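We will go from one stop to the next, with a word on what to look for at each.

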Amino acid sequence: MSADIKNDGDSKPAFAEATVSLPATGIATVERKEPPPEKEADTRRRTWIVVSFWLIAVFVGLPIWWNTTTIYRANLPLTQMTDWADGKACEPVFPLRIALDVGALPEQEAQNLLRLTQHALDDLNDFSGHHLRLQLGQAPTETTPQARDDSNVALTIRLAPGDAAHTASSSLHPHLPILDVQYPPNSLPTANSPSSGLATYIATQLGSTFAEEQNIISYLLETSSITPEHRPKGISQEVVDTVSKRMTRSLKYSQTYHLTFSLFTNGPVPSSWDIEAAIDEYLKPVLDMLKPIHDFTIDTQVQLYASPGVQSQVLGKEDLSSFINAAEWPLSPSIGGAPTVNFIVYIGNQTIGVPSETSPGETSQSWMIPQWGSVYLLAPPAEATHVPSETLKQPILTFTSHLLTLLGTPQSGSLPLRLSTLARIRSADLLLRAASSLGSLARLTLALPSISIPSNVADGVVKTIHHLELACASLGGAKSLEHARIAEAEAERAFFEKSMVGQLYFPDEHKVAVYLPLLGPIGVPLVMGLLNEIKAWKNRRSQKLKAA
Amino acid sequence: MSFQATAGTTGLFVVAAALRLLLFTAFPGLPNLLTGRVEISTPVTSFKRLQEGLFLYNHNVSPYDGGVYHQAPLLLPLFSLLPDPTIYPIFTYILYTLVDLLSANALFKIAESGEGGASRLYSSPRKEKRWSGYVVAALFLFNPFTIATCIGRPTSVFTTCAILHAVAKALSGNIFTSMLSLSFAAYLSMYPLLLLPPMVILAYDRTYNYKAPKSLAQLAGMCTLAVGVSLSLLFLSSYALTGSWEFLSSTYGIQLTLTDLTPNAGLWWYFFTEMFDSFRSFFLGVFWLHLSSYTPALTIRLRQQPLAVITLLLGIFAIFKPYPSIADTSLFLSLVPCFRHVFPLLRYSFVTASVVLYGTFLGPAFYHLWIYAGSGNANFFYAITLVWSLGLSLLVSDLAFAVLRDEWEVERPEMRGKEIRQI
């Protein structure tokens, strides 16, 4: 609107006030009538208008542009972060303390046995990440199982003289982390003997007890971001394959899991089940034992006339994966952020046609769906409308074992041992994952110099590193899992910061698309106006010079 | 046009008031229907939101809790004096009708002053051709946009009234009353603050004493001071009323940051729903800068006709402000008839009228398609608001052209009626 409206003498002849003259040549020409010169006041006014736009653009626009588009990058401890990711900051070593309860043996002999067994262990164990350390101690009893918590003892070996004359035997206590070893009375080592059959036997037993844990931890280290020189000796490809198969089956770690028990029937009955009693009786004890590692919330549902995804009478192997009718069955994926584990009891007359060969514990009535849950096919009960608690015993027990597998619990050993192993595996896993998230964040920061880093990301990183240090210091201990969990959560939060994720893919070319629609329509008149003013000013000056 | 200039506007006002009260009472569902229309009620003017704020206020809760109410705090005691509008709606109806009549009265004075055709520094050769205040007030009172706004009861009618009174008082030489009125408008809606420069010039021109000329800078300083003091008083009383400064961010902050993206007739909401988050604040700055950059330039260019500056600025605000509604359009359209003398110079009056009508009729239809029928999407409604804004900007630029051409013809009388070209 700043443009002045002036007439143009060169407009259409019909409107132009053209005077026709007849010069000497006799050819009629149209003489152009020049517009009168612009008044000084008008020129000055136009200058003021251009200046007013430019003043606003420069003194208000530029600061706004500068303030709103400068990228805030909080300082991140990049070297520390890469150190963690490369494994330089923390030696992933799990010192496991094994107590030796020698019972009535004299002190001297016990010390001797301890020394020899430790030797044998050290000879046997070639994996430095997993260190078994023996000490003398009392075995916990059923009444005081908490005793072990203070000392962080992973396992107690309870020695007792046995009846067998020549061979030692051992068995794992089903409810407590105790390895009972019965030895022939004559196999105790003498004071200066360099080796002992009993010591070697104990060492071998311990080795096989913890073999699975060692494998899993080596596998975790192997697949982590830690550089080869900082991680312990590798494991064979074979072991990697088996462990990775098992690990992919288990759910991602979470503090809380939501268990959904669903009863689906293909007809109108049964319409009720004693699920609460069954859970209390068969599942609760295991959940209570898992308490230090996970929390669980439970809900149940019943759905009548539920048709499965596969209609055939006998289910083949390939039918199992499509049996779940995801479209119609009300199985919500996740409630309140906690991952859901689904347990389905299906009452119908279908059977599984494949004999389960891999895991003998699995009945031919159930199968597990990796990272999702498990299904149990139940024959219609005699009492048509109601499923009593006893009928649910087998399904719930199966579910319990499936749940442990889904949580990533190792297969071998007694339950308390498996659970303490689970805690160690999980803390190693979380520690490595948090460290690798830190590494990714550090690489991202270096790779994208234009990404903004809010201060809460820096806070998250500092917190992560703090908790990683604590977790690393207490590796193998009870606090380790807690710290590793916080570290992992903080690292994830920092990496997936909302304002950063949006900029992950924001190349500089996009800025052209952002600025051009603006700079085009606004910039062109602004710049042209300024150029015209400068040109006019130069003209005026040269005319003044000429006149002078 | 052969309207007789009469001072007796009583009959007109009675008819206008009767029409409004008739519409209010004969169609009891109409007020609530119009209150819900996005074209009339914006997040910063809606009557529904006002009632929410009023409810909270009357229950001793901060009216800004819950993030629904974004209007000035001083409206609350005014409306809490009235009986509950859900039980005795008639009092609200009467209040809004009265506000409309007050606006019309101010408009009557503006038109009667003849400032549109002849100011202190400029006298149009066509100034004889003008409409009386009676006609201008009638055009305002019977404009369907004004009537719809009155029945929809947005609080923007108070801003309209305050702006018109500020202009009328400036014309009659009551500088301080005018500035107080402008402060009220700015307090209610913030954007009228941008009208301060042309308002100062208008007041300066109308109080100009040829014998003892005062300096413009002095008057401008005084006016700015007056506006500053009255705004501070209004803010302080708001603070005393609500007990915190929260109202600043909840009323003006919302307009500045556009946190409420409820669709409206303007251009901002769609743009900012699509905006990259990291550039949002930058573009908010750009949009506001664009809106405010017109004020100095227009004031300088049309220094001789300050009323034209105000009219054009109101037109620009009705298009480019963050939460525009047809109330802003009706304010702009109410001042346009003061420039009756340049109507023959308008080049696109037919196109403008068609486009505005097109937008008026298709806007609600497209909104219905998007929100209720589900057979359209947000682009439908945005497209029609683009058309609507195009129509209004055609009118604004055409009016600016006509006013400038009128000025130019004084300078070059020989060019009357000739086609012109920009060089």
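Keep in mind that this is a predicted model. Start by selecting residues 512–531 of chain A: the span is 100% helix, and its end C-alpha atoms are 24 Å apart. An unreviewed UniProt entry annotates both spans as "transmembrane region".

Stay in chain A and select strand 16, residues 373–378. Is this strand enclosed or open? Six of its six residues are buried, so the rest of the structure largely encloses it. Show the side chains: Gly373(A), Val375(A) and Leu377(A) point one way, while Ser374(A), Tyr376(A) and Leu378(A) point the other.

Next, bring in the partners of strand 16. Strand 13 (residues 338–347) of chain A pairs with it in the parallel sense over six bridges, and strand 15 (residues 366–369) of chain A pairs with it in the antiparallel sense over four bridges. Strands 15 and 16 of chain A form a hairpin with three residues between them, and Gln371(A) in the turn has a positive phi of about 60°.

Now move to chain B and select Leu107(B), Ala137(B), Met199(B) and Leu313(B), which touch the most other members of the largest nonpolar core, a set of 102 residues. Helix 15 (residues 306–320) of chain B gives the most to this core, with 12 residues. Zoom in on Leu107(B): its contacts beyond four places in sequence include Phe140(B), Leu164(B) and Ser334(B).

For a last stop, select Leu132(A), Tyr183(A), Leu441(A) and Ala442(A), which are among the 67 residues of another core, apart from the largest one.

Technical notes:
Residues are numbered from 1 along each chain as its sequence is written. Chains are lettered from A and ligands numbered from 1 in the order in which they are written. This is a predicted model: local features need pLDDT of at least 70, side-chain atom pairs count only at pLDDT 80 or more; totals for chains, interfaces and linings use all residues. UniProt positions are given in the numbering used here, feature names are shortened, and annotations may be inferred rather than shown by experiment. Helices (H or I, at least four residues) and strands (E, at least two) are DSSP runs, numbered from the N terminus. A nonpolar core is a set of buried Ala, Val, Leu, Ile, Met, Phe, Trp, Tyr and Cys residues joined through C-beta atoms within 7 Å. A residue is buried if 20 or more other C-beta atoms lie within 10 Å of its own, exposed if 12 or fewer, and partly exposed in between; C-beta atoms are placed from the backbone. Two residues are in contact if their C-beta atoms, placed from the backbone, lie within 7 Å. Two strands pair if DSSP finds at least two bridges between them.
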